[in-house]
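Visitor: I am new to this structure and would like to learn how to read it. Could you take me through it step by step?

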Amino acid sequence: MDKLASLLHTTPAIAWMVAKLVIVFGGVFSLAALWTWVERRGAAMIQDRIGPNRAALFGKIKIIGLAQPLADGIKFFFKEDLVPHDANKGLFWLAPFLALVPALMGFAVIPFGRSFVSGGHEYHMALLDPGNGMGLLYPLAIGGMAVYGVLVAAWSSNNKWAILGGMRSSATMVSYEIGMSLAVVTIFMTAGGYDPSEVIKAQGHLPWAWNIVRQPLGFIVFFTCMFAETNRLPFDFAEGESEIVAGFNTEYGSMKFSLLALSEYCHLMTASALIATLYFGGWQVPFMQNPPVMLSVASFLVKMLFFAWVFVWIRWTLPRFRYDQLMHLGWKAMLPMSMVNLVFHAWRMSQGH
Amino acid sequence: MGVVVKKVELSWLDRTYVWPVMKGMGITLRHFFRQLFTPTAKRYTIQYPDMKKEMPEGYRGLHELKRFEDGAIKCVACFMCQEACPARCISIEAEEFSDLNITQGFEEKRPAKFSIDMLRCIYCGMCEEACPKDAIWLRKDYEVAAYDRLAMQYGKWDLMNTYAKADGKELISEDPTPSVPRRTIAM
Ligand code: SF4
Ligand code: SF4
């Protein structure tokens with residue numbers, strides 16, 4: 001890293017920052033694109049179909065359809081970009097970015113590997129160094145911003161169905177945010193801090209000391225709320241072909257639509273990274289005190305991708321909720337459960353455990 | 001009399017919602033892995049241009065006009081198929097011809113033109129049923145498509161050649177001169 005920095009006439013800190021930026025955002029973005037393919041292929045396999053396997057590079061190299069996201073991207077780029085006549089043009093253009101940017105930004109504080117020291121500098125494997133004062137409150141706050149992407153997209157397109165979809169999904173997101181925050185607060189409480197590195201350190205390297213074992217109830221609440229946050233089935237109330245045409249993105253086409261779709265997958269990636277960090281020990285390798293840096297990154301990636309797969313898996317297993325059932329679940333099940341979880345752990349801590 | 005609808009009583013385990021979800025996920029995962037490890041040839045999906053379905057016996061696909069060993073057409077232009085066709089897509093023009101050297105008074109009949117409009121044909125198989133000579137068959141080829149309408153008008157020679165390649169026969173484009181009489185008539 002020192003050599004690279006001197007080559008570029010910058011300090012190691014800046015070089016490392018740039019490298020991290022490219023790796024994290026590029027990585028999350030391309031993983032999200034890849035996940036559109038994983039989603040379709042996984043759905044097909046679950047339903048005993050085959051899925052997209054024909055897109056080929058240069059018409060020859062098929063590699064089980066992995067070129068599909070590329071083909072989709074090219075297709076979306078060259079489609080006509082329509083803006084409805086009565087739409088609010090500025091907001092209509094802004095909405096896809098409002099959806100995409102928070103989805104990507106949430107990833108910034110999550111450590112994806114063990115910090116290491118080289119050449120007198122300490123390098124952290126997270127975009128924002130630990131101790132930045134925001135900690136895990138930041139992805140939660142940014143996650144709250146995601147409502148704007150959906151709502152602005154819905155509102156600006158001046159379409160009744162879109163507005164209905166946007167309203168429904170923003171109501172879902174807001175009501176599930178409370179249960180989710182309480183579940184996270186419990187973790188902050190037991191870990192004694194809200195910095196992701198502290199949360200990870202508090203969990204240690206032994207799988208039975210991870211938060212999933214210590215707070216299973218909190219995990220269930222958080223996991224469920226993440227589905228509502230990412231707007232995915234069984235809680236995908238922003239969309240609904242049978243009820244409100246396409247939902248909040250009814251009027252969107254071409255690249256703007258694909259940005260909205262991609263933002264959902266970026267959200268999914270951030271959500272699975274959060275789950276891995278909060279409940280599954282982040283980059284900790286099971287039964288290994290100080291794992292090599294690359295191994296810790298691999299461990300984190302495996303956990304994250306596993307949860308990203310679980311998102312896909314659940315989507316193609318569960319039927320959708322009805323709207324009132326969703327609200328019922330959010331307010332009458334998730335919220336009390338997370339409160340019970342919070343109070344129980346507070347009581348345990350007061351007993352000196 | 002009303003029907004008493006019995007409500008299914010859920011056990012407490014099913015009421016938690018978590019357990020049924022896990023069961024469901026188990027089922028989908030089983031499907032996923034089964035499909036993943038099934039070789040392509042054994043999957044339910046037939047990937048069409050690369051793989052083709054073997055049609056069952058009795059499938060009614062593209063027609064073939066049958067021929068004798070020497071290549072002469074079996075059809076005697078009796079118009080039965082044209083009459084039977086509900087889509088009215090067969091049109092035949094008959095002609096006389098002499099079979100071998102016994103020409104005097106032994107004129108035979110055959111179609112000079114025999115055409116089927118494949119765009120109108122509904123593949124009902126009525127023509128096959130009606131034919132007294134077993135001269136027209138509906139066989140297993142289902143890939144009947146063309147870039148223009150004219151190409152879908154199958155003429156006599158098209159119909160005689162439809163399955164020539166599949167059967168390893170040669171393509172013919174004119175009526176042969178038979179070497180032996182197909183029918184011996186006692187005078
Ligand atoms: S299959 Fe039916 S519709 Fe087609 S030519 Fe024969 S009788 Fe007519
Ligand atoms: S019914 Fe048979 S023999 Fe008669 S015209 Fe049709 S194909 Fe020829």
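Visitor: How many nonpolar, polar and charged residues are in the shell around ligand 1?

Guide: Let's sort the shell by class. In this predicted model, the shell around ligand 1 has 12 nonpolar residues, two polar ones and no charged ones. In total, 14 residues surround ligand 1. The closest are B:C85, B:C121, B:C124, B:G125 and B:C127.

Visitor: And which residues surround ligand 2?

Guide: Here the neighbours are again in chain B, and they include the cysteines B:C75, B:C78, B:C81 and B:C131. Also among them are B:F79, B:M80, B:F114 and B:P132. By class, the shell around ligand 2 has 12 nonpolar residues, with no polar and no charged ones.

Visitor: Where in chain B is confidence lowest, and where is it highest?

Guide: Chain B has an average pLDDT of 83, and 88% of its residues score at least 70. Confidence in chain B is lowest in helix α1 (residues 12-15), with a mean of 80. It is highest in helix α4 (residues 126-130) of chain B, at 92. For the complex, the predictor gives an ipTM of 0.75 and a pTM of 0.77.

Visitor: Let's turn to chain A. How many helices and strands does it have?

Guide: Chain A has 12 helices and two strands.

Visitor: What does the radius of gyration say about chain A?

Guide: The idea is to set the value beside the one for a compact globule. For 353 residues that would be near 20 Å, and chain A has 21 Å, which agrees. The C-alpha trace of chain A spans about 60 × 55 × 45 Å along its principal axes. Of the 353 residues in chain A, 53% are buried. Take the contacts in chain A between residues at least 6 apart in sequence: 75% of them join residues at least 24 apart.

Visitor: Could we look at one helix? Which residues of helix α7 in chain A are buried?

Guide: In α7 (residues 196-203) of chain A, the buried residues are A:P196, A:V199, A:I200 and A:Q203. They lie on the same side of α7(A), because they cover an arc of only 95° around the axis.

Visitor: What covers the buried residues of α7(A)?

Guide: The cover includes α6 (160-191), α8 (211-214) and α10 (254-279) of chain A.

Visitor: And what follows α7(A)?

Guide: That is A:G204, which has a positive phi, near 75°.

Notes
Residues are numbered from 1 along each chain as its sequence is written. Chains are lettered from A and ligands numbered from 1 in the order in which they are written. This is a predicted model: local features need pLDDT of at least 70, side-chain atom pairs count only at pLDDT 80 or more; totals for chains, interfaces and linings use all residues. Side-chain values use heavy atoms; hydrogens and water are left out. A residue is near a molecule or strand if one of its heavy atoms lies within 4 Å of it. Ala, Val, Leu, Ile, Met, Phe, Trp, Tyr, Cys and Pro count as nonpolar, Asp, Glu, Lys and Arg as charged, and the others, Gly among them, as polar. pLDDT is the predictor's confidence in each residue, from 0 to 100. Helices (H or I, at least four residues) and strands (E, at least two) are DSSP runs, numbered from the N terminus. Buried means under 20% relative accessible area, exposed over 50%, partly exposed in between (1.4 Å probe, protein chains only). The arc is that of the directions from the helix axis to the C-beta atoms. Contact means heavy atoms within 4.5 Å. The radius of gyration is taken over C-alpha atoms; the globule rule is 2.2 Å times the number of residues to the power 0.38.
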